[in-house]
Amino acid sequence: MTEPALLADIIAHRGASGDAPENTLSAIVLAHKAGARCVELDASISSDGIAFIHHDDTLERCTNARGYLCAHTADELDKVKSSAGMAAYKDEPLPRLSAAVALLSELQMGLNLEIKPTPGLEAPTALAVCDVIRKQWPADLALVLSSFSKESLAVARDSLPGAARALIVCAVPDDWQHQTQLLQCRNLHMAAPLLDAQKAQAITEAGLGLYCFTVNDSDEAKKVLAMGAHGVFTDYPEKLLNAMQS
Ligand code: G3P
Ligand code: MG
């Protein structure tokens with residue numbers, strides 16, 4: 001039986017993304033100021049194989065650039081601004097994974113890094129992520145590599161077996177136990193509205209860590225945690241952390 005890879009009960013989803021541009025260094029700093037001990041970030045790769053922190057395949061929604069992130073070189077992406085239209089963050093860079101890891105290390109925060117490959121780049125994205133983590137991640141801080149992509153998780157398992165992994169799903173598939181065993185995952189991360197008490201019990205009794213996304217309502221967070229989830233991902237860590245204390 002596996003041990004859950006524990007992160008925190010309240011995890012800042014894409015950083016404190018409700019109040020700062022998502023997946024940026026400022027969103028990490030804001031999460032830290034809010035008292036969060038852990039962030040979730042998404043990673044994909046440039047055309048020359050460098051890992052960047054970004055959610056979408058394309059750059060339009062969150063940055064001042066256009067097209068596929070994976071079509072740009074790292075040097076080009078270093079010039080991109082990631083303000084998501086928020087004037088106070090107009091000079092916010094699109095961060096390399098290495099910069100985010102250096103900041104988390106300085107702030108002593110844990111990380112759930114979601115490997116988010118553009119279709120077709122499942123293996124190189126996982127390898128680029130593992131390379132940065134191998135070189136930079138401090139052993140004393142919590143870390144989980146997660147993905148919806150089973151191919152990326154299999155590559156991460158073989159490339160960096162010591163790093164904890166999580167399979168991400170929306171609804172829990174019938175073969176969740178087989179899949180998590182095959183990929184040697186310690187956690188299952190899933191959509192909060194699709195959790196029920198019976199599923200929570202089965203997953204946690206199997207020895208898996210259970211984390212649910214994306215929970216921005218305090219009462220929903222309390223309900224999900226009461227069902228047995230180990231934590232929730234939220235865009236508003238300050239609000240949920242305050243609610244947990246009341
Ligand atoms: O890692 C949990 C959650 O972030 C997965 O969905 O689309 O927000 O990356 P998404
Ligand atoms: Mg994510």
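**Close-up views of a predicted model**

Figure 1. Lys-135, with a relative accessible area of 64%, is exposed. The two residues form a salt bridge in which the closest N and O atoms are 3.0 Å apart. Both belong to helix 4 (residues 122–136), where a spacing of 4 residues separates them by about one helical turn.

**Figure 2. The surroundings of ligand 1.** The residues around ligand 1 are His-13, Arg-14, Glu-40, Asp-42, His-55, Glu-114, Lys-116, Phe-148, Ile-168 and Phe-213. Of the residues in this shell, 5 are charged, 3 are nonpolar and 2 are polar. An N or O atom in the side chain of Asp-42 is 3.2 Å from an oxygen atom of ligand 1. For Glu-114, a polar side-chain atom lies 2.8 Å from an oxygen atom of the ligand. A polar side-chain atom of Lys-116 also lies 2.8 Å from an oxygen atom of ligand 1. The ligand taken alone exposes 290 Å², of which the protein buries 90%.

**Figure 3. The magnesium ion (ligand 2) and its protein donors.** Glu-40 (OE), Asp-42 (OD) and Glu-114 (OE) are the protein donors of the magnesium ion, at 2.0 to 2.2 Å from it. Along the sequence, these donor residues follow the spacing E-x1-D-x71-E. Asp-42 lies in strand 2 (residues 38–45) and Glu-114 in strand 4 (residues 110–115), so this pair, 72 residues apart, links distant parts of the chain. Asp-42 and Glu-114 are both buried.

**Figure 4. The salt bridge between Arg-61 and Glu-22.** Arg-61 and Glu-22 form a salt bridge, with 2.8 Å between the closest N and O atoms. Arg-61 is in the loop between strand 3 (51–53) and helix 2 (74–77), whereas Glu-22 is in the loop between strand 1 (10–13) and helix 1 (25–33); the pair therefore ties together parts that are 39 residues apart in sequence. Arg-61 counts as partly exposed because its relative accessibility is 45%. Glu-22, at 14% relative accessibility, counts as buried. Both residues belong to a network of salt bridges that links Arg-14, Glu-22, Asp-42, Asp-56 and Arg-61.

**Figure 5. The salt bridge between Lys-90 and Asp-91.** The side chains of Lys-90 and Asp-91 meet in a salt bridge, with an N to O distance of 3.4 Å. Lys-90 has a relative accessibility of 55% and so counts as exposed. Asp-91, at 51% relative accessibility, likewise counts as exposed. The count of salt bridges comes to 11.

How values were computed
Residues numbered from 1 in each chain as written. Chains lettered and ligands numbered in written order. Predicted model: local features only at pLDDT ≥ 70, side-chain atom pairs only at ≥ 80, totals over all residues. Heavy atoms only, no water. Near = heavy atom within 4 Å. Polar contact = N/O pair within 3.5 Å; in protein donor to acceptor, adjacent residues only side chain to side chain. Areas by Shrake-Rupley, 256 points an atom, 1.4 Å probe, with all protein chains shown as cover. Nonpolar A, V, L, I, M, F, W, Y, C, P; charged D, E, K, R; others polar. Donors = N, O, S within 2.8 Å, 3.2 Å for Na, K, Ca; no water. Helix = DSSP H or I, 4+ residues; strand = E, 2+ residues; numbered from the N terminus. Buried < 20%, exposed > 50% of the residue type's maximum accessible area, 1.4 Å probe, protein only. Salt bridge = Lys/Arg side-chain N within 4 Å of Asp/Glu carboxyl O.
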